[in-house]
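Dear colleague,

Please find the structure below.

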Amino acid sequence: MTQSPDIKITPTAPIRAPSAVPIDDAALPFEVNALDLRGRLTRLGPALDDILTKHDYPAPVCKLLGEAIVLATLLGSSLKFDGRFILQTQTDGPVSFLIVDFQLPDRLRAYARFDATRLKEGEESYRDSGALLGNGHLAMTIDQGADMSRYQGLVALEGGNLEDAAHEYFLRSEQIPTRVRLAVGEEWRGSGDGPKHRWRAGGMLLQFLPQAPERARQADLDPGDAPEGAVTHAVAEDDAWVEGQSLISTVEDVELLDPDLSGERLLYRLFHERGVRVFAPLPLRAQCSCSRDAVSSMLKSFQAQDRAEMVKDGKVVVTCEFCSSVYEFTPDEAGVE
């Protein structure tokens, strides 16, 4: 097993059977050299459950936020620097705002804002993640630190789900043939204390990255306001990418979520005929960056009048939106004059 997909692997690299040991809370890089494919497989268990259960989210919101967390890990875990990858949506749907903050290399936190009344009134129609989001935009931000410029990519959300948005982003911004699969579900397991419930998620990102760039060319984007009858430029997809898309389309949600199926075995199921190489898994964990000192500094940055208005029952109480931690301060500690 090599440490990075950027390392050249020789034809004499050792071959071994796929591990039968499932690993949760990790992103597993892989490549299929015969088809010029690279990708990542994410499996989330305790870390996802920890993030979601810190809030009283309805099940559809948990599922949508879980999908966003998986997508953020698939995209952010490929970055080669210490910084942050932030995935954020703002829309007119019942879930009007969600954010996933991925502090590289492994720390995750996330939060969703939703309209409980709209969710309850349209319970049946809001089971689809696209309907929950509605119309708006998805922003993906790469923050390499204070001394570096931020990069942000925007994708319009028009009733589609996060998989659709990811495909649109790579088509328009990166121009890399890409397919994404996302799955989130609830697991129930029996124990001596009765059935235990927890959230699980899985996702896969597959990209076509041939040595010759012309092989990765895609058809032109919609011509928009071009004259009626204008002919769009058609490009036949490479046979290797056609095969890659066909293979990832066979992945079922239950396979991405199965706690007893290792990521290596799943990849072997898909690509064993062509040969698949996996690399060291990248661990992921749920950890918020909030602290009492950080909240205190934030309070002191507010105007004096704003701080004074925050005093209730002789104290200032601040709740972290990400992890629901509660911080209490006396007026003096909060800088209230």
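A residue is called buried under 20% relative accessible area, exposed over 50%, and partly exposed in between (1.4 Å probe, protein chains only). This is a predicted model, in which local features need pLDDT of at least 70 and side-chain atom pairs count only at pLDDT 80 or more, while totals for chains, interfaces and linings use all residues. Residues are numbered from 1 along each chain as its sequence is written, and side-chain values use heavy atoms, with hydrogens and water left out.

With a salt bridge taken as a side-chain nitrogen of Lys or Arg within 4 Å of a carboxyl oxygen of Asp or Glu, the count is 19.

Asp101 and Arg84 form one of them, with 2.8 Å between the closest N and O atoms. The pair links distant parts of the chain, 17 residues apart: Asp101 is in strand β4 (residues 95-103) and Arg84 in strand β3 (residues 84-91). Helices (H or I, at least four residues) and strands (E, at least two) are DSSP runs, numbered from the N terminus. Asp101 is buried at 5%, whereas Arg84 is partly exposed at 25%.

Lys63 and Glu67 also form a salt bridge (2.9 Å, N to O). They lie four residues apart in helix α2, so about one helical turn separates them. Lys63 is partly exposed at 33%; Glu67 is buried at 7%.

A network of salt bridges links Asp36, Arg215 and Asp238.

Finally, His55 is in the loop between α1 (46-53) and α2 (59-76), and is buried at 16%. Beyond its neighbours within four places in sequence, His55 has contacts (heavy atoms within 4.5 Å) with residues including Tyr111, Glu321 and Phe322.

Regards
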